[in-house]
Amino acid sequence: MITLKQDRRAELIQFLESKKIASRLLFGGNLTKQPYFQGQNYRVVGGLEVTDQVMTNTLWLGVFPALTDEMIDYMIQSLTEFFS
């Protein structure tokens, strides 16, 4: 799981897809923004800023259970290229 400091998740996903690297969005973060919670009674403590950041800037990499060391190295090289 990766959480980006800046709002570049869509850009990173597009880059990874161009490299044939799959990713998945995190289901989580600020659950109070999910449709289920509309009209529900619940308690919130604080402004939930961190949960908003997780919701908008987090993704999963390496979700295929049979990844080889070579595949993982390729992901690392690609991430290094993106963030350079």
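In which helix does Gln53 lie? Gln53 lies in helix α2, which covers residues 49–57.

## Basis of the model

The model is predicted; local features need pLDDT of at least 70, side-chain atom pairs count only at pLDDT 80 or more, and totals for chains, interfaces and linings use all residues. Residues are numbered from 1 along each chain as its sequence is written, and side-chain values use heavy atoms, with hydrogens and water left out.

## Overall architecture

The protein chain contains three helices and three strands, where helices (H or I, at least four residues) and strands (E, at least two) are DSSP runs numbered from the N terminus. Read from the N terminus, the order of elements is β-α-β-α-β-α.

The radius of gyration of the protein chain is 16 Å, whereas a compact globule of 84 residues would have a value near 12 Å. This radius is taken over C-alpha atoms, and the globule rule is 2.2 Å times the number of residues to the power 0.38. Along the principal axes, the C-alpha atoms fill a box of roughly 50 × 30 × 20 Å.

## Burial and contacts

Of the 84 residues, 21% count as buried. Buried means under 20% relative accessible area, exposed over 50%, and partly exposed in between (1.4 Å probe, protein chains only).

Contact means heavy atoms within 4.5 Å. Among contacts between residues at least 6 apart in sequence, 76% join residues at least 24 apart.

## The sheet

The three strands form an open sheet in the order β1-β3-β2, with antiparallel pairing. Strands β1 (2–3) and β2 (23–25) stand at the edges and have a single partner strand each, so one side of each is left without a neighbour in the sheet. Two strands pair if DSSP finds at least two bridges between them.

Strand β3 spans residues 58–61 and runs antiparallel to β2, to which three bridges join it. Opposite Trp60 in β3 stands Arg24.

## The surroundings of Gln53

Gln53, in helix α2, is partly exposed, with a relative accessible area of 33%. Apart from neighbours within four places in sequence, Gln53 is in contact with Thr3, Leu4, Lys5 and Thr58.

Gln53 and Gln6 are 47 residues apart in sequence, and their C-alpha atoms are 9.1 Å apart in space.
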